[in-house]
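This report examines how the parts of one protein model are held against each other.

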Amino acid sequence: MKRYLAVALATLLSSTVSSAATLVTADRMLDVQTGRYVANPAILIGDDGRIQQVGTLAAIQVPAGTKTISLPGETLLPGLIDMHTHLGPADIGGYRFLEYTDRFWPIVAVGTARQMLDAGFTTIRVVGSEGWTDVGLKQAIEAGYAVGPRIVPAGHALGATGGHCDDTYLPPSLQKKVKEEGIGDTPDELKYQVRRQRKFGAEVIKVCATGGVFSRGDTPGQQQLTESELRGIADEAHMAGMRVAAHAHGADGINASIRAGIDTIEHASLLNDESIRLAKARARPVWFSMDIKNTDYTQAEGKKNGTLEENIRKDREIGQIQRDNFRKAHRAGVRMVFGSDAGVMPHWMVPQQFATMVEYGMTPLEAIRAATINAAEALGRNDVGAIQPDRMGDIIAVRGDPLRDVRVLERVDAVIKGGELIPGSKARATTPAQ
């Protein structure tokens, strides 16, 4: 039996990994670290999916048998990274989730993840998923059974009983007799949940420090975990080599999360001057991930999708405040990453957030860096986020100049992940190297 499994695994791996190097050429490439364009780039990606050489065609050595992906007229950028996603569809709101069987959601996730990849996001962090759907989908993609981005999964989000990460939509008679996955009410219970999520494949921990917009019966500004509980989560995760993302709208929860050592602050809608001071002063870097586009969708489509009026109201009240605070935090020099809250708006809409980030104070280059080198640093990874040797061969191609018009990122012509051209990408030609 063991021998059979070993042979099957070897066959699977040989069928899903390219056996030849790949050369990618285009008119120009954006070096996100320097902010400069490189004319006529040539990028050699090894058969392990990692970049080996970056230069011009005349300057690099191309092995015999190398495949070529030629993209004339295109501008190359690193594959994008979204630090705050969910896998569920955006058009099922309120109590409409009861219309679907439990197994509906993992199947839908295959499609939504593919939409993220087609939009140019070759890495996504999924911050909360029922039934470890994010872990399962990551495994399916890596084994070649599905096509999608690199997934950094969180498993179940952690939170307090009755809080934003708990299920507050059903009456007691329909609730389970035990706590939901991820729920704890003491530091020890929450430490256990960190260990449990890691045990089943989580690579980042998501915790709900405050109330939320799309939960029922709470307010976004309400702190829901104490600083000591948040510190216990952060310490436990860091001991295991994991990072922590805190859902935190209200200033009290934001500030407690920063003091507790949490790595990324999600939403950060109601931040105050103390939030900015703490974020800039802390020795361990902290990053703000502010989803400032999706309100346009939820206000336009929420009622039709079944979203409760309570949630639409909270979203309406907090949306512009969050955008103004995004401008304030950026102007003050807070570290920032790209996080869309995909699943609150449709996944194909996610690139539209770049223009909103520019509207509220970032340059196009700063917005692009938020979704590339900044996001990679916040993840603690040096294998994604830039086009340079030893990083993964994750590349996107757009027609136009994203430093002049960031909206060109809304129309990605080609997506390359690990040196492989994703089917459906609009590559101009793919030919053997001469």
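Between domain 1 and domain 2 of this predicted model, four residue pairs are in polar contact, with both partners at pLDDT 80 or more. On the side of domain 1 that touches domain 2, the largest share comes from strand β15 (residues 412-417), which supplies four residues. The rule also finds one salt bridge across this interface. Asp394 forms a salt bridge with Arg150, and their closest N and O atoms are 2.8 Å apart.

The domain assignment of the protein places residues 22-78 and 386-430 in domain 1, and residues 80-349 in domain 2. To the contact, domain 1 contributes 12 residues and domain 2 contributes 13 residues. The C-alpha centres of the two domains are separated by 32 Å. The size of an interface is often given as the accessible area lost when the parts come together. For domain 1 and domain 2, about 900 Å² is buried between them, and 59% of this area lies on carbon and sulfur atoms.

The structure also holds one disulfide. This bond joins Cys165 to Cys208, with an S to S distance of 1.7 Å. Cys165 lies in the loop between β8 (150-153) and α4 (187-199), whereas Cys208 belongs to strand β9 (residues 204-208), so the pair ties together parts that are 43 residues apart in sequence. Cys165 and Cys208 are both buried.

The distances computed for individual atom pairs are collected below.

| Pair | Atoms compared | Distance |
|---|---|---|
| Cys165 and Cys208 | S to S | 1.7 Å |
| Asp394 and Arg150 | closest N and O | 2.8 Å |
| Val213 and Lys314 | backbone oxygen to side-chain polar atom | 3.4 Å |
| Ile69 and Thr161 | C-alpha to C-alpha | 52 Å |

Helix α9 itself spans residues 309-332. A polar atom of the Lys314 side chain lies 3.4 Å from the backbone oxygen of Val213. Apart from its neighbours within four places in sequence, Lys314 is in contact with Gly212, Val213, Ser215, Asp218 and Pro220.

Ile69 is placed in strand β5 (residues 67-78). With a relative accessibility of 3%, Ile69 counts as buried. Ile69 and Thr161 are 92 residues apart along the chain, and 52 Å separates their C-alpha atoms.

Definitions and conventions: Residues numbered from 1 in each chain as written. Predicted model: local features only at pLDDT ≥ 70, side-chain atom pairs only at ≥ 80, totals over all residues. Heavy atoms only, no water. Disulfide = S-S within 2.5 Å. Helix = DSSP H or I, 4+ residues; strand = E, 2+ residues; numbered from the N terminus. Buried < 20%, exposed > 50% of the residue type's maximum accessible area, 1.4 Å probe, protein only. Domains from an automatic or database assignment. Contact = heavy atoms within 4.5 Å. Buried area = accessible area lost by both parts, 1.4 Å probe. Salt bridge = Lys/Arg side-chain N within 4 Å of Asp/Glu carboxyl O. Polar contact = N/O pair within 3.5 Å; in protein donor to acceptor, adjacent residues only side chain to side chain.
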